[in-house]
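Trainee: I'm new to this one. Could you walk me through it with a few questions and answers?

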Amino acid sequence: MPKAHIRNGELTIPLSDEMRRKLAVREGEELEAHVFEGSLTVTRTSPEARRQAGERILATIDRVRLRRGQRPLTDDEIVEEVHAVRRARRDRQQHD
């Protein structure tokens, strides 16, 4: 994993050819940074990337929408579902 460097208030993250391919980014593209508690997420800002993100959000909402006759999940069940999704995502990334 490449190491990021901070100099003069700018963050530099070297990207290998493989990382650029997986992210589908090219020289000169702008990326959007989001800061969370103890972490940083960088995403593409192209219209296509925003469209894809919107589709993923709608698909996720559809998966978690309560159906007729279905009981709501408890807070603990929701937390476990989130952990399961994150584990699956990590497993997919390790195999890519």
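This is a predicted model: local features need pLDDT of at least 70, side-chain atom pairs count only at pLDDT 80 or more; totals for chains, interfaces and linings use all residues.

Trainee: Let's start simple. Which pattern does the protein chain follow along the sequence?

Mentor: Start with the parts: the protein chain has three helices and four strands. Now put them in sequence order, and the pattern you get is β-β-α-β-β-α-α.

Trainee: Is the protein chain compact or spread out, and what is its radius of gyration?

Mentor: For 96 residues, the globule rule gives 12 Å. The chain's value is well over that, so the protein chain is more spread out than a compact globule. The box filled by its C-alpha atoms, taken along the principal axes, is roughly 55 × 30 × 30 Å. The radius of gyration itself is 17 Å.

Trainee: What percentage of the residues in the protein chain is buried?

Mentor: To count as buried, a residue needs a relative accessible area under 20%. Of the 96 residues in the protein chain, the buried share is 3%.

Trainee: On to the loops. Where does Asn8 lie, and what is its phi?

Mentor: Look between strand E1 (5-7) and strand E2 (10-12), because Asn8 lies in the loop there, and its relative accessible area of 81% makes it exposed. Most residues other than glycine have a negative phi. Asn8 isn't a glycine, yet its phi is positive, near 50 degrees.

Trainee: And Ala24: is it buried or partly exposed, and what is its phi?

Mentor: Ala24 lies in the loop between helix H1 (17-23) and strand E3 (31-36). Its relative accessibility is 36%, so Ala24 counts as partly exposed. Though not a glycine, Ala24 has a positive phi, and the value is about 55 degrees.

Trainee: Now the charges. How many salt bridges are there in the whole structure?

Mentor: One of them pairs Asp62 with Arg67, their closest N and O atoms being 3.8 Å apart. That falls within the 4 Å cut-off for a salt bridge. A search of the whole structure gives a total of seven.

Trainee: Which residue forms a salt bridge with Asp17?

Mentor: Stay in helix H1, where both partners lie, three residues apart, about one turn of the helix. The closest N and O atoms are 2.2 Å apart, and the partner is Arg20.

Trainee: How far apart are the closest N and O atoms of Glu80 and Arg87?

Mentor: Both residues count as partly exposed, Glu80 at 42% relative accessibility and Arg87 at 37%. They form a salt bridge, with the closest N and O atoms apart by 2.8 Å.

Trainee: Last one. Which helix gives the largest share of the positive patch?

Mentor: The patch gathers Arg56, Arg86, Arg89, Arg90 and Arg92 on the surface. Arg56 lies in helix H2 (residues 47-64), and it counts as exposed because its relative accessibility is 52%. The largest share, four residues, comes from helix H3 (residues 75-95).

Note on methods:
Residues are numbered from 1 along each chain as its sequence is written. Side-chain values use heavy atoms; hydrogens and water are left out. Patches are made of residues with over 30% relative accessible area and no salt bridge: like charges are joined within 9 Å, nonpolar side chains (Val, Leu, Ile, Met, Phe, Trp, Tyr) within 5 Å. Accessible areas come from the Shrake-Rupley method with a 1.4 Å probe; for residues, only the protein chains shown count as cover. A salt bridge is a side-chain nitrogen of Lys or Arg within 4 Å of a carboxyl oxygen of Asp or Glu. Lys and Arg count as positive and Asp and Glu as negative; His and the chain ends are not counted. The place of a charge is taken as NZ of Lys, CZ of Arg, CG of Asp or CD of Glu. Helices (H or I, at least four residues) and strands (E, at least two) are DSSP runs, numbered from the N terminus. Buried means under 20% relative accessible area, exposed over 50%, partly exposed in between (1.4 Å probe, protein chains only). The radius of gyration is taken over C-alpha atoms; the globule rule is 2.2 Å times the number of residues to the power 0.38.
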